[in-house]
Amino acid sequence: MITLIFGSFFSILILLGFSMVVAYSAAFILPALVTSGSLYGMQDIVSWLLSAAGKTTYVAIALFVVSGNIMSEGKLTEKIFEIFQYFLGRFKSCIPIVAVLTAIFYGMISGSGMAVVAAVGAMVLPILIEFGYERAFFAAMLAAAGSLGQLIPPSSAILQYCAIAGTDESQMFKVGAVIGLTCAAALIILTLVHCRKDTGDTKKIQESYKKLKARGFKDVMSKSIWAILSPVIILGGIFTETLSVVEAAAISVVYASFVAVFIYKSLDLNGLWNAFVGSVKNVASVAMMLAFAVAFGQLMDIFKGGEIIGSAITSVLSSPNAFIFASVIIMSIGMMFMNPIAIIVPIVAPIAASFGIDPMVYGAGMAGIVAIGSLTPPFGVSLYIMAPISGVEPFKIAKTVLPIWGLMTLIIAIYMFLPQLSTWAL
């Protein structure tokens, strides 16, 4: 009953155009007011929200958002692009491959798909267009590569899933890295196949390579090494268990600030402050959404909503594979309209556990579906970020990106169905 009441209020508010945070908060408060506290009172809502406070995962999310903003404003993308071009520039299809690798590598620094699409797209796509490559395809490819920033650690989608489900983010990062890098390899192969017919202006490409080569290895490496070291420090610390995820996030903020201000001098102290301030709005909305998501889980536990929904689902879906398939479909459809992770995870995580599904693989897979969901129309955010940069209509980009999205969805699903393919990393 309570699930139906909450869901009805929430759905109506979303359809009316309210944000996820407003819809979540109102869906909690309105039933308490309408029923005069007979179901639950305002003090219960406060108690549930406080139960979500103090999680270290929230701190990690906030810090990675801040470091991602600093890196974006500090022009670290350009340095990453240069070092890849220096080593790969002599090969055919070098510029497109360098562009995709830059997007993937930058994702390993920032952990945010949107930041990668915006930063790398704005810098790299004009270069590809100048060198004569197809606009629509590479707008789609860079959007797809950028979306992996939410799956390849430090993944914001994995951190959100872990905050809601209460799972170990450092272990899920390892599985996410395997799945994300497989998707990245698939994108590189697709780029190579495409560039067999889309060769670009080879004369301009070689001139650009020779100009970069003339600067010499020492000059290029001395400027790029600081950007390259960032994921080595962050991911190396997490995967070797030298650093916790929160410690790695804190170090990433300090490191990004130091490099941007003192090494590259691309930010002054005022610019650094603006990067911090610009992060506050993003962090606040995500933190509120996650707090309400955890509170929703508490609500489901108290009123046995999870058990009721779980029983209904397991009566229809009798096998783990059927449940995984349904999870992928539901999350994919949800991502076409909004990010439903805060609604779906409190419901599906306990059901996945009851089926005996590996929580690390299932969580990483669901985070992966969320990551690439930014590519799907009608409301795929990455499409609308790339459209003004490329000069191509969002739905034209969508037409090109959907087969790429389908391939990545298939890869993620295979890993979810066959967990042994990724659990070796644990």
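A: Lys-174 is buried, at 12% relative accessibility, whereas Glu-241 is exposed at 56% (buried means under 20% relative accessible area, exposed over 50%, partly exposed in between, with a 1.4 Å probe and protein chains only). The side chains of these two, Glu-241 and Lys-174, form a salt bridge with an N to O distance of 3.6 Å; the term asks for a side-chain nitrogen of Lys or Arg within 4 Å of a carboxyl oxygen of Asp or Glu. Because Lys-174 sits in helix α10 (residues 169-194) and Glu-241 in the loop between α12 and α13, the pair ties together parts 67 residues apart in sequence. Helices here are DSSP runs of H or I with at least four residues, numbered from the N terminus.

A word on the source: this is a predicted model, where local features need pLDDT of at least 70, side-chain atom pairs count only at pLDDT 80 or more, and totals for chains, interfaces and linings use all residues. Residues are numbered from 1 along each chain as its sequence is written, and side-chain values use heavy atoms, leaving out hydrogens and water.

Now to the helices on either side of that loop. α12 (residues 217-239) and α13 (residues 245-263) pack at about 170°, their axes 9 Å apart, with axes fitted to C-alpha atoms over the stretch in contact and angles running from 0 to 180 degrees between N-to-C directions. That makes α12 roughly antiparallel to α13, a label for angles over 145 degrees.

Notes:
Helix = DSSP H or I, 4+ residues; strand = E, 2+ residues; numbered from the N terminus. Parallel < 35°, antiparallel > 145°, perpendicular 65-115°, else oblique.
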